[in-house]
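Hello,

Here is the structure we talked about handing over.

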Amino acid sequence: MSRTPADFMRAVVACHDLQALIDALAARGYRVLGPTPRDGAIVYDDIVRLQDLPAGWTERQEAGRYHLQRRDDGALFGFSVGPQSWKQFLHPPVLSMWAARHEADGSLAIDSEAEQCPQLAFIGVRACELSAIAVQDKVFCDGPYPDVDYQARRRNAFIVAVNCGQAGGTCFCVSMQTGPRAERGFDLALTELLDGGRHEFLVEIGSDRGAEILDAVPHRAATEGDIGEADAIVACTAGQMGRTLETHGIKELLLGNLNHPRWDAVAERCLSCANCTMVCPTCFCTTVEDHSDLTGTSAGRVRKWDSCFTMDFSYIHGGSVRKSARSRYRQWMTHKLATWIDQFGVSGCVGCGRCITWCPVGIDITEEAAAIRAGSRRAQGTGHGGT
Amino acid sequence: MVAVPASDPFVPEIYRVRRVQRELPDTVTLELAPASGARPSFEPGQFNMLYVFGIGEVPISMSARAADDGVFVHTVRDVGAVSGALARLAAGATVGVRGPFGTSWPVRAAEGADLVIVAGGLGLAPLRPAIQQVLADRGRYRRVVILVGSRTPTDLLFKSDLEEWRRRLDVDIDVTVDHADGDWRGNVGVVPALIPRAAFDPRDTLALVCGPEVMMRFTVVALRDAGVADERIYLSMERNMKCAIGLCGHCQFGAAFVCKDGPVMRYDKIAAIFAVREL
Amino acid sequence: MAGLERVIAEQPLFAGLDRPYIELVAGCGRNHRFEPEQYLFHEGDPANEFFLIRQGKVALEIAAPGRAPIVFATLGEGEIVGASWLVPPYRWMFDARAVELTRAIGINAECLRGKCEADHHLGYEMMKRFLPVFVNRLHATRLQILDVYGRH
């Protein structure tokens, strides 16, 4: 059962005691996943020991740029988000759907054994990522045909959120109202309190499951001072946003400007590399591949991540509907910020900034939205009205 | 109306090809019967995902209305790997079927009004179940006008159905082709040009349109010029489909997923985006 | 000629045309009857008359050696056969063949052109009526060229 922010119970855990949290989850059969440095980035992978976490690391992120940097303290969560998101565990990049056999009598048989879904525990889920998971919950669970595999993985997932102690270089959760404070959807939420000699975590309990796990971890009661310090940290992060995305009327703005010259301008830069869709925590497009063995007796279907930037994403006989990079960039951005709202009742963007960081040419979705808004306002100012 | 099938929407059901009828050199009609269990019910305008072992799946509309014989009827044109494989199946072959999916032609909503059905090329296939349903209950509708366009007379689909409909006194049917040789006694010209000559009351008409998107676009222009309201015109849209159940993102057309918000879509809801190139 | 005036006045093409002008047009006209498979004119013939179809169907076709002629349009009741009478050198660019028994009014081109030169108001009325017919036909022809039903 999850609770509302007003009645979160709080406690404080010493940094080294977080190992007990990892151990408690592992002991209950969870696969514990968290951030770890690898290959020059902070990625999400299995963690066993506290030392697996990127203590003392931060990143420098700008449009088209990412590199790790050493901190002058030993903060465990002193970074924001890397190239990966939690969707790789809840909505795996490759999933076997079913296998088929051609019987001797020419008939066809299909086996659809569902893959065993592991119990997943996520350590270090940012507020924007909680929002992203909530968005994907709508996408995969609320329609007439729920994604059964996603539902199973999601149901069992244990979430330890982390409130950001600093803004990332490209993120804008405040504009999207998705952070920096984790408000709901977690079992436990941590705020790192690191000053002077102490290294502790304020823990907010968000569910009965969270309370039960916390019982296995040494902790003390939270004081007003602890809570105040945590609040101050989050407020400071909120004030550090380097970007804004004006969301007022964004749906009408984009859908009313489908032929705005800005689309041509961004198309000159966009490589259709699909990085943005791979790193975006809400992008959900997939494709299916049907394959068979050489003897033609067995076949199968595999679901794989796909991207609306690929040339044949929109292929119908005769050719692709979206042949130009312009149309494909427009599709991605208008879906993310506008039509997503019609489809799922919320924006598809959570302001995590990954698409800006990981775009090889540094295209910035907030800049593109602002340019279209400015161009649209200018047109209205001269009395021509709209595009 | 989205019909949720009783079976797992992710996994194909096994069907056998009961009969193959060649319609045109590159087009066949398949009758598919379930290997076990009953064929689910469906509405005109809906489609199934047809799977050929090891090759893949394509969305194909039902091309005949649900009858008591418990089969799905699909008319397939060879335009790619999967459709080509389907077009070459022999009776007795097995295929996978997922569905029925999608929205249907609002046949009941046309009761008491005039009905104008405009089909271009293979677009007659998804409309045939609607035509059959209307003609089976003819008394519920006022005037029924069927307009059919095709490339040449030899490319006309369902010629025997066209002749049967033409023989009826309670249906106006007009056929046109893009070009013909001297043996053709009928019209030569485009389908939209048939609309000003058709007899219907635009103030109380429901129009169902299916065919290549260019043909649908100009048919809509002619219907609107004739005075038919945007919210009384229905089109059948087509986009790339992989999952057919609104989860893979491929079939998006504006905010709509053609697999579950379509393929049959009311024109007023898509008018703003219909003419936007590469949307 | 009263009968011809009435028939011309009833043609959708001439709807709203002032009575005196109807008389002027009728003055250039005469009735025709074409049997099935009879040609109204052939490609290359001088475009002396254009035709208003009262009843029946006319196929427009182009012949090429070694193959059957290709019909690229059919015209029916209320439609006009021929625009070449307006355009120098006033020669037909295709064949026109009656598909079934066809009754038509033939309007003498030189006669009508002369009257339009003498009275430019009449000329403009003719242009206003004929131009949309041929623009729409051009548009339809474009759609036909697109071969939308063909295999891609």
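The sulfur of A:C141 has its closest cysteine sulfur in A:C117, 12 Å away, which is too far for a bond. A:C141 is partly exposed, because its relative accessibility is 23%. Keep in mind that this is a predicted model.

B:C248 is in no disulfide either. Its nearest cysteine sulfur belongs to B:C243, at 3.6 Å. The cut-off for a disulfide is 2.5 Å between the sulfur atoms. B:C248 has 3% relative accessibility, so B:C248 counts as buried.

The bond joins C:C28 to C:C111, with 1.9 Å between the sulfur atoms. The angle about the S-S bond is -70 degrees, and the link is left-handed. The two cysteines come from distant parts of chain C, 83 residues apart. C:C28 is in the loop between α2 (19–26) and β1 (29–34). C:C111 is in helix α3, residues 109–118. C:C111 is partly exposed, with a relative accessible area of 24%.

Now the rings. Over all chains, the structure holds 32 aromatic pairs. One of them is A:W263 with A:Y329. Their ring centres are 6.4 Å apart and their planes meet at 50 degrees, so this pair is tilted. A:W263 sits in helix α9 (residues 261–269) of chain A, and A:Y329 in helix α11 (residues 325–344) of chain A. The pair therefore ties together parts that are 66 residues apart in sequence. A:W263 is buried, with 1% relative accessibility. A:Y329 is buried as well, with a relative accessible area of 3%.

Last, two arginines over rings, both in chain B. B:R39 lies over the face of B:F72, 5.8 Å from the ring centre. B:R128 has its charged end over the ring of B:F158, at 3.7 Å from the centre.

Best wishes

Methods. Residues are numbered from 1 along each chain as its sequence is written. Chains are lettered from A and ligands numbered from 1 in the order in which they are written. This is a predicted model: local features need pLDDT of at least 70, side-chain atom pairs count only at pLDDT 80 or more; totals for chains, interfaces and linings use all residues. Side-chain values use heavy atoms; hydrogens and water are left out. Rings of Phe, Tyr and Trp (its six-membered ring) pair if their centres lie within 6.5 Å; planes under 30 degrees apart count as stacked, over 60 as edge-to-face and the rest as tilted. Helices (H or I, at least four residues) and strands (E, at least two) are DSSP runs, numbered from the N terminus. Buried means under 20% relative accessible area, exposed over 50%, partly exposed in between (1.4 Å probe, protein chains only). A charge sits over a ring if NZ of Lys or CZ of Arg is within 6 Å of the ring centre and within 35 degrees of the ring normal.
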